[in-house]
Amino acid sequence: YILALGILTLARCEESCSKQTDPSQHEAVTIDQFTKQAVPFSRFEKHLDFMDLLRNMTNPTKEDNVLDVACGPGLVTFAFAPYVKHVNGIDLTPGMIRQAETLQKERNVDNVAWSVGSADKLPFDNATFSLVVTRYSFHHFPSPTAALAEMVRVCRTGGRILVADVSLPRDKAAAYDRMERLRDPSHVRALVEDELVGLLEAAGLEVTGRASYRVDMDAEALLDASSPPSPRRRRARPRLVR
């Protein structure tokens, strides 16, 4: 089993409000990786855990227009949809959006919409949303700062921004990053909790809440979902089960 720590940080938009990777190359790697993962990701039960915690931290209402950044197959989007006015999900990978549209039809959800696009170039006007969320995405971004700046831009004054991502103690983060890149080459770097909070504060956000949770995952199921080549799988497996 792999044990990961998810850090949820809630920030409020005020009035004022890594590792270097070649962006185009990384974008291609990410699309390739998550095209393979689109269906397995949507069926991985552990990805449904702790949705209540996300909602409890953000207190969604029927007045909220929500943006789910790097939405994947829409699991967070669907978790918020019954509680809000509307949710837009956006993801870089067209295959993820196709899977989200399939799930939308199966579930007969009518207050969601989908876009294909990059987190650091969101195709929305300033101050469009009252709540902007992203989950399990920042460690894939070559520039979390650029993605966060876009989330701030599209969030209205007084709105909320929720970032939920994997985080480990500083002394374990580098080893985790090495393991994750073997399993999933779209992984860039997991921020430690203080880094994430500092990122939010540097963007002019008031951090109003923090929470954490642990996720136990079966190593083989995790490897199956990301489908690394056999040599990388053999190298990743012992690091996953330590």
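Mentor: Start with pairing: two strands pair if DSSP finds at least two bridges between them. Helices (H or I, at least four residues) and strands (E, at least two) are DSSP runs, numbered from the N terminus. This is a predicted model, where local features need pLDDT of at least 70, side-chain atom pairs count only at pLDDT 80 or more, and totals for chains, interfaces and linings use all residues. Residues are numbered from 1 along each chain as its sequence is written, and side-chain values use heavy atoms, without hydrogens or water.

Trainee: In which sense do strands E3 and E4 pair?

Mentor: Parallel. E3 (residues 86-91) and E4 (residues 112-116) share 5 bridges. The chain goes from E3 through helix H4 (residues 94-107) to E4, a right-handed β-α-β crossover. Right-handed means that, with the strands pointing away from the viewer, the path from the first strand over the helix to the second runs clockwise. Within this pair, Gly89 has Trp114 in E4 as its bridge partner.

Trainee: How many residues of strand E5 are buried?

Mentor: Buried means under 20% relative accessible area, exposed over 50%, partly exposed in between (1.4 Å probe, protein chains only). In E5 (residues 129-135), 7 of the 7 residues are buried, so the strand is largely enclosed by the rest of the structure.

Trainee: Which strands pair with E5?

Mentor: E2 (residues 65-69) pairs with E5 in parallel over 4 bridges. There, Val66 stands opposite Leu131. E6 (residues 155-167) also runs parallel to E5, joined by 6 bridges. Phe129 has Cys155 in E6 as its bridge partner. Helix H5 (residues 144-154) carries the chain from E5 to E6, in a right-handed crossover.
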